[in-house]
Each structure stands twice: as structure tokens, then as C-alpha cells.
Amino acid sequence: MISFLLNDTQVTTSLASGSTVLDFVRYHKSLKGTKIGCREGDCGACTILVGSMESGKLKYRSMTSCLMPLGNAHAKHILTVEGINMKQLSPVQKILEEHNGTQCGFCTIGFIMSLTGFVMDEHASKTEEAIAAMDGNICRCTGYKSIERAAEALTQDLQEKPLNNTLNWLVEQKYLPAYFQNIEERLQALIADQQTIAKEHSSTELRLGGGTDLLVQRPELIRKAELAHLFDSQSLKGISVSDNICSLGASTTVTEFAESPVVQAAFPHLHAYIKLVSSTPIRNMATMAGNLVNASPIGDMSIFFLGLDSSIILNKEGRQRQIKLRDFFLDYKKLNKESGEHIESILFELPTTGTQFNFEKVSKRTHLDIASVNSACHISFAEDGSIDKIHLAAGGVAPVPKYLAKTGAYLTGKIPTDEHLHAALEIMQAEVAPISDARGTAAYKRLLLRQLFIAHMLKFSVPIDSIRNVLAL
Amino acid sequence: MIIHPNQKPKSSKNSKNVDAKAHVTGTSLYVDDLPVMAGALHIKVFDSPHAHGIIRSLDYSEAERMEGVVRIFSAKDIPGENQIGGIVADEPLLADKEVHFRGQPILLIAAESEEQAEEALSGISIEIDPLPIITDPREAYAKGSVLHTSRVFKLGDPDKAFENCAYVFSGKAQSGGQEHLYLETQGAYAYPAEHNSVKIHSSTQGPTAVQKTTARILGVSMNQVEVDVARLGGGFGGKEDQASPWGAMAALVAWTLKKPAKCILHRMEDMRMTGKRNPYDSDYKIGLDKDYNIVAYEATYYQNGGAAADLSPAILERTLFHANNSYFIPNIRATAHPCKTNLPPNTAFRGFGGPQGMFVIESAIDHAAREIGIDPHIIQRKNLLQNGSEFPYGQIVEDCEAANCWDEVVHKYKLDTIQEEIAVFNAKNEFEKKGLALMPVCFGISFTNTMMNNARSLVHVYGDGSVGVSTGAVEMGQGVNTKMIQIAADQFGISQEQVKIETTNTTRVANTSPSAASSTADLNGKALLDACSQIKDRLEVFVRKHLSLSEKADISFQEGEIKVNKEQTELEWEELVSLALASRINLSAKGHYATPRIHYDKATEKGHPFAYHVYGTAITVSTVDCIRGTYTIDAVHVVHDFGTSMNRLIDLGQCEGGIVQGIGWMTMEEIIYNKEGRLLSNALSTYKIPDIYAVPKELHVDFLNTDGSELAIYKSKAVGEPPLMYGIGAYFAISNAIRAFNPKSQFEYSAPMTPEKVLLALYGK
């Protein structure tokens, strides 16, 4: 049985744990405020807020309910628009109304929920944070400018928001209904009351993390399958560092990765990279291991970790083995992974003061899109300016997320002169085999790969003359 | 006079969208939100896996035996005529012997649950003998594959004029399709009613179209089909004609099985089964004299209509009406061919062929300017329409605001300064370049099919003074509900809260034109005025008698009171209504409006088809990242002719939304079909529309307050479509930034300007 708080009510259901929260709230609970726009997490019309206890604190995150398996709602607070409606409009609702931030209204609830999530985040109060909270919401009518104006006006009212007892303050200010005052107690009582859903998983069960891929690709299968829900599995969570080796639990979400102080310290431009990866609600759901086992040739985090030459630890019934991530991807959607084996953790060396890291991605739409080509590079230079060590990876150019071993091997020990860069690019082009698809022609992807390599070199302050020559300018 | 939207306008002109409260609380009801009756069936459409061929065999016996499947409908289960074509009868509801596009509906599965209906798809097998597939309109035309007759608009003598030109340039221009991406997918919910009739809740811009199509499919008369529309989660033209099949399907199942039935498309079904904005492939030839006057222009448009005519013949016509955009060209020949291909039938999309025509003339001007070596805007400004100019279709330009908008935007946003700043930026930055473009727009308001320019309304004043308003207008986000309420409240001098807008329903308001052509508020608003006036007239007669007033006394309705010669009386609105009812006065009225003056003769291709024109000009600035081939739209500054806007908030919203949609069409929105006619950009993961980060960093819309037009409701000019075409400026701004990086780059006029095209152009020779 799955039990959770749905708005102000505790619910229990025996429905399949792989059915979606979206269908549950709309068709089983008749909460029709949450809309269906695409069922693949790309429009945000079904955005809800999910409250769960994180390190002893109730934290709300936005998620797309179309991709959220019901099993992942267990022991959480699921919040739809009906759960924030009060007699009067909340300031979030009022401000969108006043600025004409809604036209046809179909996407509006998604925006309301995302903005409410922003308001509920005790640390967030700036306009760009409000905009960022809506990065997963698509609107076809307004052109967003009225929504931006509303967000700006909203943040003016949030300057007094306290860091502690935020929910109580929000209730007092009529952002939230009164039942939020004891929601944390109720949730804790619910958690204490529940048998943990985590159990020994049999090898026949299908493992499901955040749902952001499997519920797009095979929703019918997931709906019917016996599932092992790994999203909240504590043994697969957590980020730790030892001897400069960072270990990520397989179920670490992209958001958790991005919020980690140790990770932030090691990647000064992390925020800019992560901004290019899907959207806030998807990052709140998507797990690291999910991005790897999905085996997409353009998975952003796959490329990110390949660029760091990461390793993974695989586990089957307690038997562990560690392999290089670059050896994990065998062919298109083929993995070096036995049946019943799952990723336990990801290990990689953190960039240090002596090394530089960069992540690049180009897609048709800069944000909330899948890459045409993406690339990551981790590099260090010797005192004479030659490349001491380099790890280079690119997506969208091969059947697998590609670790560019030969290019890296060639460049190692070389000074990045135009001649060497030219030669490296030739090797690189021989290493890849892009195909033409909806994300671009093969010719474009080859050119783009060169450009992203150049972009890395520019970031690493390689002399501009070399680059000009490579670009044949 | 320019009024910045940030200035707080007075009066009701800034009143909020009446639907906003329901939208922000999630209480607005779209089709899939309506409470469904017990026993409702769910419909799945089995569609063609091939783009062209003969159905050799079709076996669904296994599917029929699957759990929950109640019945499977094929073409032979259609009791009436298997035909949904509007302009041309060339499209079946369910393919019978042949299939003409991938995604063409063949069977309907009615099952007890949506999941069961979906699973039953796997129990259907089909064999199709393939026929040649055409996806390219030029190829179609060359092979004689057309949907309808070609059309030619002509003014002056272009052949002769070209001979005397100082400059003549010719080339090709292509613009791509565009997915409507209304956030609410197509859908309908139907249930049987008494007397062999059926009621349909449809997400349609054209309730009458759904009614008519359904009656034809069922073989019943129109009065047996009731269509009700509460609101749409977006339409943009995609639900003008193409909402009808899903309504008819739900009705077919409900009417046949005598059970409620629901047909809501999944996003990917919607994307592959429905048509989009027509892609165009065109040839142009432009001739200028030595002073850069455009003396002659010739254009041939190959319209990709898809597999059936749908609205393409009408869209084609509007392309011709806007062949010259905002410019006076004395000698012109514009030819348009509606080409039949094996793609889903393309259809209406905001602008309705106008944007496609404008892209070609703007490409021609850009081409000429580059070859001559001057800024395109020198040619653009020089040739703007003026009062007394003749459009190629014979209408004479009146109340022209083309130059006023242009000069105002150039002056206010200091075009010279912007150009200087761009030059400085480009000199300083090696791998980032900026580009600029101006885009004037002139758009004709009216359905180009004259007979469609009429509307009706029904107004009830209830005994407590509250008012119910029905019109033929469908609310789809454009704010027409708000405008209608403003009108009724204003006419009766009562508060907007006292007026309720009812659903759009074919039994209350019949024979409606679809909510389209930017004309919905004008036509329905004027019809509403008529109904309100009738009731007011009756009330005035009553007041005169009741207060023993002379014929000369001026009676008005303001702020809930009845005023005589502008003086307050004791009579309040509610009391008047109650007294009038007691005196058996009819407080309901049906209003009607038909646009005067307009006419058009298709034989001569001359006439006066438009009630009036809307003008405006946009300046667009873009920055291109010359390493990555990506770009941002830095700013769009617009001066737009709203006439006397009756609601600035709503009109500004239409303008901003239209501009961003136009930019999307010109930049990232790329419809890709492969040679087999399969849609590759078939989901939101592969078809990208602007997100909150993709929109112009600055977007200024300034209201050029003009006298408006008597034919516009409250002189507030139509605003739905015209702003979309400002988006064309984004294409040329990006192009100019590319040329700043690589002056030698030769690239075709081919929209959308995707990051791929940008990068290939940056490094092209």
C-alpha cells in the first residue's frame, strides 16, 4: 500500500506503484487543476510540489506529475493547486492575475505551482530565482513577458521572508492555507507509522529511479511491472569525498548534486552547466544512475562524468565490481551490465586548483532541450604549457556517450598549437560517427563537435592565434 | 500619441482578464476536466503507418476480443457521408481504401478505459501497398498534384516594368511549418441525447464546423447536433477546422452505442495526426529604380498543403493578399499554387498565409539591399504604403499608419544609436556579433471569404439585473470573454461582475463563423452591441413612460443608475429591470452584425475585402555566439497601431504572445518530416517552442493611439494575428549578425534559422 498526504488529506492506495501521480490526482481523486500537456515532462502543465523530509527538514520540490510514479509519493506530501487554494487568491495567484500572466490558462497551474515552490524555498527570493523555478513551464500564449513582470513584482513582497519557520510565515502572509502549520508533524507521524517501502529487491523486479526516462519511453510497461523503487533508497543516496575522490550515490538527483557544497566548490561554473540540463522539476527527479543506464548517446550527465573519467560501482546481490564509465557503454543502448546488476555509486576525481573542467552543450533551444552535441573536458597543463592530462567526452556523435580516448591520447604531452589542435581535430573526427536526426544533420554535428572543442580551448585560455588558425579565419 | 503600457491607463481599458481568477486556481474547465458520466467509453484512433498507399488488408478481429473493447469502428460504420472536407470535399473521417498521409485515422477503438483502448491497438494488423510519397511542394506541382486551382493577383504591368528597372534580383525563399502546440491537445466528449440527437463538448474554434461535420458523418440534420465550448487551452488556428474530426468521432461512438464517449488525443498523436502551418517554397523577382523605389515584384508560391485541401485554399489567398506586406508596389504579379503532398493536411495558423507571403517580400528586399550595398531599411522605409496607394487586389489604402509606426519606432528607440552600438560591439568582439532588422507589418482585417464576416449574439437581462451573454466567440486565451463583458457592462452601465459570459453553444447562437481571422471581437462585439441596444431601446421607452419624460429627454445607463439629461434619477438598474419585467417588457435580444463595405470578386481578383488594416513596425536586435552558433534575441521594440485599444492589458498580451510565437517560427521551431512522410519532430522533446529563457530580453510594445476604425469594436483594432509577423525580424537580425562575422557567407533564405543553419552559415564559404 502506498500512503501519503495529498493536500490536506491522508490517502492510501493499492494502485500500481508505477502508475503516475498525474493520473491518480486527476482521475482517481478528481483534482482537475493539474493538467496533461505532454506526458513527457517537457511542458510543465502537470507540475506539482512534493514535500519530503530531507535531513530532518521538510523540503518542497517541484516535479512533473506525469513522470512521477505513484510509488515515489509514498510517505510524502503531494501538493496540487487544490491544496493551495484559499478563499482569497494567494499573492502568487493574485500577481499572475494582475499582470495578465495567464491567457488560455491551460499551462497556468504549472506556473502557479512552480512559483509557489519558489516562494516556499526559504533561501530563494530573487527574481532570477523565480524565473529559474519556471524553467520547466512552457506557455504558448503569453510570450512570458507578463509572467516575468509578475515574478518581479512577487519578489518585492518576499524580502521579509525568514529562513526559519518559513511555512508559518507563508501561512501568516496568506501564501498558504492554515493546514501547513502542522503539516510537518503530520508527515512525520505518517512516516513513523509506515512500514518502510524499501525492502529486499528480487532480481526480477524492474528498478525505477525518478521515472524521468522510463515513464517517457515505456509507461505501459512500468504501469504493469513489479517495481523496485530506488528513488528514496537511503543506501543509494549521498555525496561524500575522500582523498579528493567524490562518491555519488546512484539515486542522487541532479538537484542534489548541484546543491552539494563540495561539488559547488570543485566546479566554480556548476550553476551554468546545470542550467543547461533539462529543467528544475526534471532535475528534482532525475537520478545520476538513471542518466547513465538510460545509455542515451547524448545524456548530459553521462558526458559530464565521462569528461571526468569517472568510475562506477556495480552491484548484484551484494557482489560489487568497479569499472570505468567509459567501459560501461558498449554500443547503442548496450551496457556492460549483467541482468540484475545495478549501479551503486559513481566515483570521480574532483577538479583541483591545478586542473580545469568545462562542460558545453548546444541544442535547438538552449534550455530544457536535449543536446545536438554536448561535451565535457577535464584538463591540466604542465608548466611549459603542454597538456599534462586530458579527458574529453562528447555526446550526440556516436552510438554511445563517447569518451574521446584517441584524441585525448594524442593531445597528452602536446602544447596546444594550431598544428596540434588541427591534428587532434582530425583524430577526433575519425573517432566519431554522428547520424542525421531531429537534432541535426551529421555534417552539423561534426562541425559542432569541433566548435565545442574550440569552446573548451577558449575557456582554458589557449592562445587565440591558434584558435583563429584552426577556425581558418 | 504614444502610451507606454507601463503607464496606468484610466477606466475599464485595463480591466483584468475575467477568466484569470479561475485559471490561477485551476477551476477553469477544459474538455478533459468535465465530469464524465458513468459508463463513458474512451476512444483511441488507429492511424496509418504509411504516408501513401492502398489498404490491402485490415484485420482487427484480435483487438475486438481484447478486454474492455466495446466496438471498433471503420469507415463502413459511418452512417452518413464519410467526409470532413470543408472547402473541398476531399478528406474522409476514416480512411477506407487508400491512405494519403502518415497519421491518417483508419479505425476507432471504443473501450471501457483509455488503457484498454490503447492496448487494443496492438491487436490490429494492416497491410498497405505503397504508392509514391511526395513531401515537397515543388515536386508535387511538377507532377500535377494539386489541391485546388492556382490563383494570380496582378497590378500594373510587371513584365514591362522589369525592363525599365535599374536593379533586378531574383531568388528563392522557404519558410517552414509550425506546430500549433496549443497546450491542451485536441479532444471532445459526446453523449447521446433525446430524439436521436447528440451533444458534444469540443475544444474547437469553430463550434458550427464541428456541428456541420458531425451531422454529415451521422447523416442527421444540424439541429440534432449540439456543440458546446467552454474554453480552449489554446487554438492558434489549429482548432479552426481540425477540431472537427475528433468531435465527430466522439459523436459517432456516442450516437451509435448510446453511451457517453470521450476522445482526447495524446500529445504525440496530436502532433502526427494534425496539420500545421503550411510550409512554403517560393520564387521571387524584385525590380527597383535607381532611387530604390520598388517598381516591380513577382512571386510564385508553392504552398505545401498536405494530403487534403482543409483550409489551404483560403490560406493561399491570404498569402496573395499580403504578398506586398506594407509596401506599395505599382507592378506586381503574385501566383500561388496549392500543392498536394503526403503530409497531414496543413491548416490555419495565426497569420493564415500572411506571414509566409511577407517572408518572401522581406527576403527579396534583403537580397536587393545586400547586392546594392545599402541597409535594407532604406528600401523598406522608402516604399511604405501611403493613403491612396492601391493594394494588388484593388482596395485603396485608407487611414494608413505604416509610416507613422515606422518613424515613431525609429525615433523613440533611436535607430541610429542602436546601429552605432552594434558597430562598436561587433568591432570589439571577435566571436560574438550583433545584428539588427526592421520589420514593418500591414495586415488586413476580415475573413477574406466575405460571407463569413457576420456574427450573432444572445443577451438575457435577468430579473435581478444580472446579465447573461452568449455570442459565437470562443475563448481560447485571446481575452474575448473579457472584451464581451466589457461591452455589455458598458452598454448597460453596470459592473462587469453583473455580466456573465456563457459557453459558446450552437443552440443559443447558430451558424457561427469560427473564432479566427483576428475578427472575433469585432464581429461578435458588434453583434453584442446590437443585442444590448435593442434591450436598451425597449428600456428607454419604458423609462420615458414611467418617468413621464419628453421625447427629447436624453436617457443614459451609467454606474448602475438611469440618468436623464445626465442627471441622476431615483431609478437604479436593478429596480428598472424589475419594473420593466413587471410591465412585460422583453429583456432578451438576439443581435446580428455583418461587416459593411466589404466585397470581393474572385473572377477579377479585385475588390475591397478588408474592413480595415492594422499597421506597425518592429526593430529586432540579436546576438550570435559565433563559436557555438547559438543566438539570443536581445530586444524587440515595437510601435503598433491598436486604434483606440479597449483593453490594453489584453491587447498587450496578444502582441507579446504573437511576437514570441513569430520568433519561434523563425528560429527554433522546426518541423521535420523524412522522405517517407514520417514526422521526426513528433514530440515536445524534439519540437521546441520558446521557453522563458528564449524570449527577447527586452520586449517593448508601444501603443500608437490612432482613430482606429468605425468597423473595429469600440475603434479598438483587431490584434490577434498581426503581431506574429514582427517575429520575421528575428530571422533577418540573426542573418545580419552572421554576416558581421562572415561577410562572404552565402546562405539561402530558409526559415527557421536554427542553430544548425547559423553555425553552417558562420563557417560557410
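Just after helix α19 of chain A, A:Ala472 takes a positive phi of about 60°, a value that belongs to a predicted model. For the complex the predictor gives an ipTM of 0.97 and a pTM of 0.97.

**Helix α19 of chain A**
- Within α19(A), which spans residues 464-471, the buried residues are A:Ser466, A:Ile467, A:Val470 and A:Leu471; they cover an arc of only 130° around the axis, which puts them on the same side of the helix.
- The cover over the buried residues of α19(A) includes α17 (418-431) and α18 (442-459) of chain A.

**Strand β11 of chain B and its neighbours**
- Because six of the six residues of β11(B) (residues 197-202) are buried, this strand is largely enclosed by the rest of the structure, with B:Ser197, B:Lys199 and B:His201 buried on one side and B:Val198, B:Ile200 and B:Ser202 buried on the other.
- Strand β10(B), residues 187-193, pairs with β11(B) in the antiparallel sense over six bridges, and B:Pro192 stands opposite B:Val198.
- Three residues lie between the strands of this hairpin, in which B:His195 takes a positive phi near 60°.
- With β12(B), residues 225-229, β11(B) runs parallel and is joined by four bridges, and B:His201 stands opposite B:Asp228; the chain crosses from β11(B) to β12(B) through helix α6 (residues 207-218) in a right-handed β-α-β crossover.

**Confidence in chain B**
- Chain B has a mean pLDDT of 96, and 98% of its residues reach 70 or more, whereas over residues 1-11 of chain B the pLDDT stays under 50, the model having 22 contacts beyond four places in sequence for them.
- Where pLDDT is low, the predicted coordinates should not be read in detail.

Definitions and conventions
Residues are numbered from 1 along each chain as its sequence is written. Chains are lettered from A and ligands numbered from 1 in the order in which they are written. This is a predicted model: local features need pLDDT of at least 70, side-chain atom pairs count only at pLDDT 80 or more; totals for chains, interfaces and linings use all residues. Side-chain values use heavy atoms; hydrogens and water are left out. pLDDT is the predictor's confidence in each residue, from 0 to 100. Contact means heavy atoms within 4.5 Å. Buried means under 20% relative accessible area, exposed over 50%, partly exposed in between (1.4 Å probe, protein chains only). Helices (H or I, at least four residues) and strands (E, at least two) are DSSP runs, numbered from the N terminus. The arc is that of the directions from the helix axis to the C-beta atoms. Two strands pair if DSSP finds at least two bridges between them. A crossover is right-handed if, with the strands pointing away from the viewer, the path from the first strand over the helix to the second runs clockwise.
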